[in-house]
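Please read the numbered points with the structure open beside them.

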Number of protein chains: 2
Amino acid sequence: MNFFRRVKERAEQTHSWVCVGLDIDKAKLPAHLRGEKNAQKAFGLEIVRATHELALCYKLNSAFFEAEGLVGYATLRELIAEIAQRRVPVILDAKRGDIGNSSRQYARACFDALGADAVTVSPYLGRDALEPFLDREDKGVIVLGVTSNPGGKDFQSLECRGVPLYEQVALKVAAWNSRGNCGLVVGATKGELFQRLRRIAPELPFLVPGVGAQGGALDPVVRWGATAAGIPPLINSSRAILFASDGEDFAEAARAAAQELRDSIRQAAAKTPRGAFDETLED
Amino acid sequence: MNFFRRVKERAEQTHSWVCVGLDIDKAKLPAHLRGEKNAQKAFGLEIVRATHELALCYKLNSAFFEAEGLVGYATLRELIAEIAQRRVPVILDAKRGDIGNSSRQYARACFDALGADAVTVSPYLGRDALEPFLDREDKGVIVLGVTSNPGGKDFQSLECRGVPLYEQVALKVAAWNSRGNCGLVVGATKGELFQRLRRIAPELPFLVPGVGAQGGALDPVVRWGATAAGIPPLINSSRAILFASDGEDFAEAARAAAQELRDSIRQAAAKTPRGAFDETLED
């Protein structure tokens, strides 16, 4: 089934727009886990066990696993398999992008070798670089649009033919979305951009990092985040959930943090007139 | 030692500007190797053994190894180690790029876990995304500028504040090059851009894919490729070397193809007035 249709159906079941970000930084793991043979995996499995009922989806940041070498790369695959078994959609946050010939191999790596349902990709190399991903109709292809970091403005905000570069990206990705399998990364720290981006790309689902530790506000995300067809924004929170406690209760604390974010989103939605109508948060 | 200084010294020893691209596509391996337990590794080791005296450096395309899952990821590390043992500089062509927090992990993955001397990165997330790479003074950080694929024009050629986006990228990367560890990817298929890019970024080394199978011409690369300080362009050839023969003589054929490219470059250099002076190709 189409990735974003799966996401929408799951939002209807869970009333959650929370994407749990598994940026599992080994240096931040609770002390009692550090003796484990594979602490990253042990931690990840516990987090998934504790949060999966509250997760719209998971997003695994490839960097944190690649940094641990072969063992980390194996852990990445194992955690994806664990999440898939629970039938929760899983995004590999890998920000890949290369020329067509190599992109075909990255698509195989992300979707087949690692088993992800969706992947984040960079727009810089243009359409033929994304084609091998777009050809996989059942998979999600989420293109970097506006990122949440300070350096995002270095290029993304440059005025290109009268509009910022990120708008050029949004327009092109919307045009490439003929199979309904594209999404756009829009950082919550750029709340002022949501209305405009939703207007120029009404059918493009948004993956929204930057709430929580990075300080983005929920209101504009809730108001403009859903597509015209009611695909909700995938609101990612990583550190605020994963490291809610550094004690032995880390998994319960993570569950509580995920629940709190889900409920904050529902509350924000209840009092915010939504720009694109959507019912997934209502009982 | 600084990566590009190493490259320059090696060019003086080998009279070669050839970067051998290890895009080891399993589907293209010689038939007699397909029965091997790890054909990708067996092929790569033979290629390195046959070509290392002619290689200015190697570039391993991460995509082709990631596509083979864990085994491929292990092969990537093993081939890098093999090349490092022969003291040839090695670039991991991974086109990574993420926000600072995650980029730090990618820098660990590429330089420490995999052991590369340099890495290709995407500019889209801006300066703070590159900082953890730039902080490694001895390592090379080669930023995508103008790529060799047709879709490159989708965004790279957009006019941004009066110049194409790739010029904005070249200018910023030149400004970030205070430690002398930055380079720029400039596709050989865009030969008409070399003079201008060399003028706006006289000290920025170029990694040049796209000669050979992709059809880029050597002349502008030879003329404008070297920096003002004499760091030669890293002229990559992958398929034309790796798959010069699909028979049992593949390694000798690869060596012959690498030698032919090295000699073509020297001949082109001999008859081309060079824009930035350089002596590495002279006996």
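1. In β10(A), I235(A) is the bridge partner of V208(A). The two strands concerned, β9 (residues 206–208) and β10 (residues 234–237) of chain A, pair in the parallel sense over two bridges. Here strands count as paired if DSSP finds at least two bridges between them. Helices (H or I, at least four residues) and strands (E, at least two) are DSSP runs, numbered from the N terminus.

2. Basis of the note. This is a predicted model, in which local features need pLDDT of at least 70 and side-chain atom pairs count only at pLDDT 80 or more, while totals for chains, interfaces and linings use all residues. Residues are numbered from 1 along each chain as its sequence is written, and chains are lettered from A and ligands numbered from 1 in the order in which they are written.

3. The barrel of chain A. Eight strands of chain A close into a barrel with parallel pairing, in the order β1-β2-β3-β4-β5-β8-β9-β10. From one strand to the next, the twist averages 30 degrees. Axes are lines fitted to C-alpha atoms, for helices over the stretch in contact, and angles run from 0 to 180 degrees between N-to-C directions.

4. Helices on the sheet of chain A. Helix α1 (residues 3–14) of chain A packs on the sheet, where its partners are β2 (57–61), β4 (118–121), β5 (140–146), β8 (182–186) and β10 of chain A. The direction of α1 makes about 85 degrees with that of β5(A). Helix α4(A) also packs on the sheet and touches β1 (18–22), β2 and β3 (90–96) of chain A; the direction of α4(A) makes about 175 degrees with that of β2(A). Two residues are in contact if their C-beta atoms, placed from the backbone, lie within 7 Å.

5. The barrel of chain B. Chain B likewise has eight strands that close into a barrel with parallel pairing, in the order β1-β2-β3-β4-β5-β8-β9-β10. Strands β1 (residues 18–22) and β10 (residues 234–237) of chain B pair in the parallel sense over three bridges, and C19(B) stands opposite N236(B) in β10(B). Helix α12 (residues 250–271) of chain B lies across β1 and β10 of chain B and runs at about 145 degrees to β1(B).

6. Helix packing in chain A. The axes of α2 (residues 39–51) and α12 (residues 250–271) of chain A come within 8 Å and cross at roughly 45 degrees, which makes α2(A) oblique to α12(A). Angles under 35 degrees count as roughly parallel, over 145 as roughly antiparallel, 65 to 115 as roughly perpendicular and the rest as oblique. The crossing is right-handed; a crossing is left-handed if the near helix is turned anticlockwise from the far one by less than a right angle, and right-handed if clockwise. Among the residues that make the contact are E46(A) and R49(A) of α2(A), and E252(A) and R255(A) of α12(A). By class, this contact has five nonpolar, one polar and four charged residues. Ala, Val, Leu, Ile, Met, Phe, Trp, Tyr, Cys and Pro count as nonpolar, Asp, Glu, Lys and Arg as charged, and the others, Gly among them, as polar.

7. The contact between the chains. Chain A and chain B each give 49 residues to the contact. On the side of chain A, the largest share, seven residues, comes from α5(A). That side has 21 nonpolar, 15 polar and 13 charged residues.

8. Where α4 meets α4. The axes of α4(A) and α4 (residues 69–85) of chain B come within 10 Å and cross at roughly 160 degrees, so α4(A) is roughly antiparallel to α4(B). The crossing is right-handed. L70(A), Y73(A) and A74(A) meet L70(B), Y73(B) and A74(B), and the residues of this contact are six nonpolar, no polar and no charged.

9. How are the two copies related? Chain A can be laid on chain B with an RMSD of 0.0 Å by a turn of 180 degrees and a shift of 0.0 Å along the axis; the copies are therefore related as by a two-fold rotation axis. Copies are superposed by least squares on the C-alpha atoms of residues with pLDDT of at least 70 in both. Of the residues of chain A, C160(A) comes closest to this axis, at 2.1 Å (C-alpha). Because 100% of the interface residues of chain A are also interface residues in chain B, the copies meet through the same surface.
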